[in-house]
Amino acid sequence: MGVRKAITGAQAAAEAMRQINPDVVVAYPITPQTPIVEEFAKYVADGVVDTEMVPVESEHSAMSAAVGAETAGARAMSATSSQGLALMWEVVAATPGLRLPIVVSLVNRALSAPINIHCDHSDVMGVTTVGWVQIFSENAQEVYENTLLAVRVAEDSRVQLPVMVNQDGFITSHAVEPVEIFDDALVEKFVGVRSLDRALLDVEHAKSVGPLVLPDHYFEFKRAQEEAMSKVFEVYREVGTELSAITGKQYPFFETYHTDDAEAVVVVLNSAAGTAKAAVDAMRAQGKRVGLLKPILFRPFPYAEIREALKDIPVIGVLDRSMDFGACAPVYSEFRNALWALGKRPAMQSYIYGLGGRDIMTTEIEAVFEELLSGKLDAEHQRYIGLRG
Amino acid sequence: MSERKTWQEVELGIELPAATSLAYKTGGWRVLRPIFDPSACTHCMICVGYCPDMAIPVATSEAGVAGKGGRVFKGVVRVATNLDYCKGCGICAHECPSKAITMIREEEAEQASCKL
């Protein structure tokens, strides 16, 4: 049994960090992530956590310091958004190769230019190829639980990879919702301490970490990294089952909402999935058989499970909150890849919505469902929701 | 890494034994070789501090070594550049206030040593 608190998504992330009580937190403030470290700094100042909080001069330094702390054996966390992640990129790309299970709270915000502080997914979609586990959260409750889950998945001996927990900037990070915070002692037991099977800063058995590796071995290290990523599925399931014992909830790779008999399904990440559920309810009330699939675990991508879930759906619309200029949008690409192996493939339509924080309304998602049901699709071109002109 | 490992055998997180750079002799990268003239050296240690590869060793000499103007320098003195690690960047020659180091092309140095 938990305690219900009225908090924001950012505070939900900070609450999870309070319970995780990491050894080190390093972050640099950036809108809309700032309230996470602001809140957490309060816990540090009040002595609620034992964490050493390291003030740094940039996000590049933040991730570098987190890498240093984790190399020494500490449990380190950070949080960032958009330009901050962009500045961090060099170290973000190095972290999975170093096999350091750092957990980062990413509050999704549009990338410049033009400069914008509001939500879209262009920040995270720029790092999906470098080897971080990516988990998406619809609301503050999911942010809280996903953050707890992330630490255990990251640190599992079969994985040892960094994890980003995503939430929508402002929409989730700054909106107050009721969030159930579970018992401190139970969560503390679930989270445990980082167990090390490597003596990293052991001067008796000194090692070189992150040395130059030339064509004779680089390829082998990268293949080993891919193997660790493939283990995430089983670890995610196991850790999810353990967390269920505390929360009573399930931790699937994705959530389906009224998809069983659906004639059309919309796929959308994060907070817009909540909006889409309201649209599904409205359409269902009119007798229209529509549903939603909300991806949660985006890296590694559960191709087989997605294929199984969508194999009988006649038409699928995938809504992306970022573009891959000159190519298929990132979420749409993955769903198209997942469904390629089917003998009889669903019809698909790619939509772009919500860039730079443009609102998306239930009526707009209802219009998407109407379009999907009408069969007036264009497989060659993505369509835009809420765009002028 | 000397032996060729498979992807199943590589160490987690790219860790190697300590001090791998000792086994990695970068002197083979050199195009220019520093020629040190002990008779022009004041053992000021500027070259030692500037060398990015720590390839200029120092030693302690009680008896002293003959340097610039025939003067005997005692105590900590620089000795011959370690050509196993010197990449030939020429910073030592550029910084030396006594012009005790000159850079010559590696093949000229090789030819000179052959003649000897």
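Predicted model: local features only at pLDDT ≥ 70, side-chain atom pairs only at ≥ 80, totals over all residues.
Colleague: Where are the domain bounds of chain A?

Modeller: The assignment puts domain 1 at 3-246 and domain 2 at 254-384. Their C-alpha centres are 28 Å apart.

Colleague: Now A:L243. Where is it found? Buried or exposed?

Modeller: A:L243 sits in helix α9 of chain A, residues 232-247. A:L243 has 23 other C-beta atoms within 10 Å, so it counts as buried. The cut-off for buried is 20 or more.

Colleague: What does A:L243 touch, leaving out residues up to four places away in sequence?

Modeller: A:E145, A:L148, A:L149, A:F190 and A:Y251. Take A:F190: it is 53 residues from A:L243 along the chain, yet their C-alpha atoms are separated by 7.2 Å.

Colleague: Switching to the sheet with β14 in chain A. What is the strand order?

Modeller: The order is β10-β12-β11-β14-β15-β16 in chain A. The sheet is open, has six strands, and its pairing is mixed.

Colleague: Which strands stand at the edges?

Modeller: β10 (254-257) and β16 (383-384) of chain A. Each has a single partner strand, so one side of each has no neighbour in the sheet.

Colleague: How many bridges join β15 to β16 in chain A?

Modeller: Two bridges, and the strands run parallel. β15(A) covers residues 347-352. One bridge pairs A:I352 with A:Y384 of β16(A).

Colleague: Which strands does helix α12 of chain A lie across?

Modeller: Helix α12(A), residues 330-340, lies across β11 (264-267), β12 (290-295), β14 (315-320) and β15 of chain A. Helix α12(A) runs at about 150 degrees to β14(A).

Colleague: And what does α13 of chain A touch?

Modeller: Helix α13(A), residues 362-374, packs on the sheet and touches β11, β12, β14 and β15 of chain A. Its direction makes about 135 degrees with that of β11(A).

Colleague: On to chain B. How many helices and strands are there?

Modeller: Three helices and five strands. From the N terminus, the elements of chain B go β-β-α-β-β-α-β-α.

Colleague: Compact or spread out?

Modeller: Spread out. The radius of gyration of chain B is 18 Å, well over the 13 Å from the globule rule for 116 residues, so chain B is more spread out than a compact globule. Its C-alpha atoms fill a box of roughly 60 × 35 × 25 Å along the principal axes. Of its 116 residues, 18% count as buried.

Colleague: What about sequence range in the chain B contacts?

Modeller: Among contacts between residues at least 6 apart in sequence, 75% join residues at least 24 apart.

Colleague: Last one. How many residues does each chain give to the contact between A and B?

Modeller: Chain A gives 18 residues and chain B gives 14 residues. On the chain A side, α4 (82-98), β9 (207-209) and α8 (218-230) each supply at least two. The largest share, four residues, comes from α8(A). That side has seven nonpolar, five polar and six charged residues.

Conventions: Residues numbered from 1 in each chain as written. Chains lettered and ligands numbered in written order. Contact = placed C-beta atoms within 7 Å. Nonpolar A, V, L, I, M, F, W, Y, C, P; charged D, E, K, R; others polar. Buried ≥ 20, exposed ≤ 12 C-beta atoms within 10 Å, placed from the backbone. Domains from an automatic or database assignment. Rg over C-alpha atoms; globule rule 2.2 N^0.38 Å. Pairing = 2+ DSSP bridges. Axes fitted to C-alpha atoms, helices over the stretch in contact; angles between N-to-C directions.
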